[in-house]
Amino acid sequence: MTAGLARYLDVASRFQARGAASEPAWVKRVRQQGLAQFERQGLPTTRDEAWKYTPVSPIAEGHFAPVEDVGDTAALAARVEALALPGPRWVFVDGRFVPALSSVEGLPRGVTLQPLADALRDDGARLESELGQRALAEAHPFTALNAALLEDGAVLRLARGALSEVPVQLLFLTRGDAPVLASPRVVVVAEEGSEATLVETYASAGGAGPTFTNAVTEVTLGDNASLHHFRLQAEGDAALHVGGLHVRQGRDSRFASHAFALGAALARNEVHVAFAGEGGDATLNGLYVGRDAQHLDQRTALDHAVPRCSSRELYKGVLDDQSRGTFHGLVRVRKDAQRTDARQQNRNLLLSEKAQADARPQLEILADDVKCAHGAAVGRLDAQALFYLRSRGIPRDEAERLLTYAFARELVEAVPAGALRQRVEGLLARKLPGAARGGVTP
Amino acid sequence: MTTDTLQELTRRPYAAGFVSQVEAETFPPGLDEDVIRALSAKKEEPSFLLDWRLKAFRHWQTMREPTWQAVTYHPIDYQAIRYYSAPRFKPKKDSLDEVDPEILRTYEKLGIPLEEQKRLQNVAVDAVFDSVSVATTFKDKLAKAGVIFCSFSEAVREHPELVRKYLGTVVPHSDNFFAALNSAVFSDGSFVYVPKGVRCPMELSTYFRINAAETGQFERTLIVADEGAYVSYLEGCTAPQRDTNQLHAAVVELVALPGATIKYSTVQNWYPGDAEGKGGIYNFVTKRGIAHEKAKISWTQVETGSAITWKYPSVILKGDDSVGEFYSVALTNNLQQADTGTKMVHIGKNTRSTIVSKGISAGRGQNTYRGLVKVLKSAQDARNYTQCDSLLLGDKCGAHTVPYIEVKNATAQVEHEASTSKIGEDQLFYCRQRGISQEDAVSMIVNGFCRQVFKELPMEFAVEAQKLLGVSLEGSVG
């Protein structure tokens, strides 16, 4: 056993030991099983096919632990104001829900949001059958670790036909004052015909030391339900981040994921979608923007298990300095999933000599009446386009910024216009050279 | 198309499945250092080669069979294989007259009349029967041009300095499990050396035949094209129909020195096993070429046989301005499994590579394209274009695409495109409406799907490949 694994096992065992005796037995069981599964799988290495391009040594070598007490968070109010959009929002600090910074006003009827810590205590009978069903501890070491450290997070329920026009926001802040290990778990259950938008924002606050966020979100979409999911990962330079989004879609349901990976030294962002009913539709969009020595790893898996579902996937990477971007997208079409329509695109723009991109678009097709295509490309800015702009008197730097921004813009435009898109543009502005200095943003 | 015609057509017998009654000298099954020593002694090899074999064997013993490929098969018992089987004849032959007539008849049945080759076709053939090379044609004419084309054993005897200089430089003895095994026990194969500035006057061809039961075939091919030389090389393979699986673990090394061009074409038609997946060849092959400055290596393969195909012909684009190409058609029918693709490793500046892969799955076949395009930091302005298309004929087969793209240089331009589809009803209808039978229509569409690859094959092979494809899957559309 490696020292890193031993340390995490020790941290998790001590965490489990301090749990209150009054906690329900099933919660303890979920944690124990998570720990056992984590121990069995161990920390991944680059010898594992799924982690071939992403060494997790910064995670393995760090001395991270969950906080026991969040303490005074009043100083974070300004930060929350800067990051949050108008409307209902829940704020988590170092993985724990902080009611004082949160506001649930404006949640429409039929939409309920509950802190996971409360739900674990009060809603056992129902939650037991939902938690850990989409994100399987036995299938992923970091999902197992999240289960072993299960404590807080959120449960979002959409009653049948409920319609939430305002986005539900979850804001996760980690404070770099101590090596925090935050393991939030979000459970979303959308009943038949409901519709909502969920925004998860990950950001840093306080000190600049390393933190480790290991987040898991599980989504169950009922028949004809619809969810727009946004994931804005903009943590600080020293942060480490592993995020897993696991979705199961019912008949004729619609799901759209917009994943923006902007922050953290090392970030892995996974999206797994399984179609369980015919006629489902999934859109997976992703933009990763790296600079300095950032390593941004995106993994998506679409499981077309039933006929007549369609999926559209577009992931783009902009990589500057010595940053490295990785994309691994799997589309699996099972035996009986006839009339599947799946398309996947991955495009990478390298802005510097030392930037790196790895792409692994992967198709596994076992049905014959399907339309499946994927494409991947790696390149730099188009020399002709640059020339065109320069010949019209636009300086080279400016031209490069314009073209870079244009490359990324497709994914920004996929965000509905309004406060949310402005927020995304604001976050991008700090990352993309084009938007930051060139004043291109409208 | 009705299921009946589909089944009827996919059940076409394997035409090359007969066994020839040739008296053979074989080793008992099993593998240890003594077997390797005996093999080496039998072939009167110099000591450097024996040492190399033993080094490979010792390394092989520390290795494990790879498990990453998307194929399943019964475990291979390496101790149950005979590592040497040779038709019994006078060891050194001067002309075809000394070759066992039964062997010549075998090649004739397979459509490779060695005798007639002399007169009719401008193709020099090296025929490998079980483990040893039995005949090489057109030697004199080639010798005049300075081209060396002979069996590997002969090369070891006649040109040890060349063998020693290049053997293992592209695929080292420790490369992978099957290559290490081959390095330890390879029995024969072909050797080609084309001297500086020479354009090889004819196509070179090797025909591989596994005949004996319980044997494995482990041949090793080494092709060296010296500066500015050009050579086109073809290989074909067949084996008798048997209920048990046989292992074929070959290694091919290509060395293209500055400015040289090597074109390597394969039509692989090993016995694929019957409709229930019984028998068939396990084809685990390592093929790799190294292209120096301004050199070009082009792989073309048509893979229709074998129960399992595991091969990734690769090009290491070491020199500046070197070019790598890979054109492939892989067909899996019944219970065949193919996991094949290529690796293009861009090291030099201005290196270019093209990959065109066409996978066809029918019956319960599983077809995987697995490829790597790697652009290293040094490969300024590298360019790659990859296209892999899959065609599914039937709802019980599978097509998988697993490309790996690794780019470490911003000036590189790498593109990958893939699609999966079936034969459109509208396409079939169009042909039927014009009086073309269902089978011909399918065959036409499939051939059209593969055209980009077939046009890279030398003419004689292109015709054979088209026929082979017809035999292997006509009418597999449900």
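This report covers the domains, chain contact, helix packing and backbone of a predicted model.

## Basis

The model is predicted: local features need pLDDT of at least 70, side-chain atom pairs count only at pLDDT 80 or more, and totals for chains, interfaces and linings use all residues. Residues are numbered from 1 along each chain as its sequence is written, while chains are lettered from A and ligands numbered from 1 in the order in which they are written.

## Chain B overall

Chain B has 12 helices and 24 strands. Both are DSSP runs numbered from the N terminus: helices are H or I with at least four residues, strands E with at least two.

Of the 478 residues in chain B, 57% are buried. Buried means 20 or more other C-beta atoms within 10 Å of the residue's own; exposed means 12 or fewer, and partly exposed lies in between, with C-beta atoms placed from the backbone. Contacts join residues whose C-beta atoms, placed from the backbone, lie within 7 Å. Take the chain B contacts between residues at least 6 apart in sequence: 83% of them join residues at least 24 apart.

## Two domains in chain A

Chain A is assigned domain 1 (3-277) and domain 2 (381-442). These bounds come from an automatic or database domain assignment. The C-alpha centres of the two domains lie 31 Å apart. Their contact takes 10 residues from domain 1 of chain A and 8 residues from domain 2 of chain A.

On the domain 1 side, strands S10 (226-234) and S12 (254-261) of chain A are the elements that give two or more residues. S10(A) gives the most, with 3 residues. By class, this side has 9 nonpolar, 1 polar and no charged residues. Here Ala, Val, Leu, Ile, Met, Phe, Trp, Tyr, Cys and Pro count as nonpolar, Asp, Glu, Lys and Arg as charged, and the others, Gly among them, as polar.

## Chain A against chain B

The chain contact takes 31 residues from chain A and 30 residues from chain B. On the chain B side, the elements giving two or more residues are strands S22 (383-393), S23 (398-407) and S24 (413-421). S23(B) gives the most, with 10 residues. The chain B side divides into 13 nonpolar, 11 polar and 6 charged residues.

Ile365(A) has Ala399(B) of S23(B) as its bridge partner.

## Helices H1 and H2 of chain A

The axes of H1 (residues 3-17) and H2 (residues 25-41) of chain A come within 11 Å and cross at roughly 170°. Axes are lines fitted to C-alpha atoms, for helices over the stretch in contact, and angles run from 0 to 180 degrees between N-to-C directions. H1(A) and H2(A) are therefore roughly antiparallel. That label applies over 145 degrees; under 35 is roughly parallel, 65 to 115 roughly perpendicular, and the rest oblique.

H1(A) contributes Leu9(A), Ala12(A), Ser13(A) and Gln16(A) to the contact, and H2(A) contributes Arg31(A), Gln32(A), Leu35(A), Phe38(A) and Glu39(A). By class, the contact has 4 nonpolar, 3 polar and 2 charged residues.

## Positive phi in two loops

Asp252(A) is not a glycine, yet its phi is positive, about 55°. It is found in the loop between strand S11 (240-249) and S12 of chain A. Asp252(A) counts as buried, with 20 C-beta neighbours inside 10 Å.

Ala264(A), also not a glycine, has a positive phi of about 75°. Its loop lies between S12 and strand S13 (266-275) of chain A. Ala264(A) is buried, with 30 other C-beta atoms within 10 Å.

Methods: Contact = placed C-beta atoms within 7 Å. Pairing = 2+ DSSP bridges.
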